[in-house]
Amino acid sequence: MIRVIRGNPTPEELAAAVAVVQARTAAAADDPPAPPPAPAAWSSPARIAHRPPARPGPGAWARTYWPG
């Protein structure tokens, strides 16, 4: 339902507005849904898996979690 809040449109102006709304609604219904977005790179396990595991020793726990 369309309701005119302000102004006094002519029947032609109102018909044009309704036609635009109907066209946009029909176009949106014809479009296939967008594919889901790709996961962010920061959440990829491959981000830290490209290096060999940390060797035991002082600070080894920090090297397992901080890439770089």
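Analyst: Quick definition first: a patch is built from residues with over 30% relative accessible area and no salt bridge, joining like charges within 9 Å or nonpolar side chains (Val, Leu, Ile, Met, Phe, Trp, Tyr) within 5 Å. A salt bridge puts a side-chain nitrogen of Lys or Arg within 4 Å of a carboxyl oxygen of Asp or Glu. This is a predicted model, where local features need pLDDT of at least 70 and side-chain atom pairs pLDDT 80 or more, while totals for chains, interfaces and linings use all residues. Numbering runs from 1 along each chain as its sequence is written, and side-chain values use heavy atoms, without hydrogens or water.

User: What area does the nonpolar surface patch have?

Analyst: Ile-2, Val-4, Leu-14, Val-18 and Val-21 make it up. Areas here are Shrake-Rupley values with a 1.4 Å probe, and for residues only the protein chains shown count as cover. The patch comes to about 370 Å².

User: Which helix holds Val-18?

Analyst: Helices are DSSP runs (H or I, at least four residues), numbered from the N terminus. The chain has three helices and zero strands, in the order α-α-α. Val-4 sits in the segment before α1, while residues 11–30, Val-18 among them, form helix α1.

User: Why does Val-18 count as partly exposed?

Analyst: Buried means under 20% relative accessible area and exposed over 50%, with partly exposed in between (1.4 Å probe, protein chains only). Val-4 is partly exposed at 39%. Val-18 is partly exposed too, because its relative accessible area is 30%.

User: Where is confidence lowest in the chain?

Analyst: Confidence is pLDDT, given per residue from 0 to 100. The chain's mean is 79, with 76% of residues at 70 or more. Helix α1 is highest at 89, and the lowest mean, 66, belongs to residues 60–65, helix α3.

Notes. Helices (H or I, at least four residues) and strands (E, at least two) are DSSP runs, numbered from the N terminus. pLDDT is the predictor's confidence in each residue, from 0 to 100.
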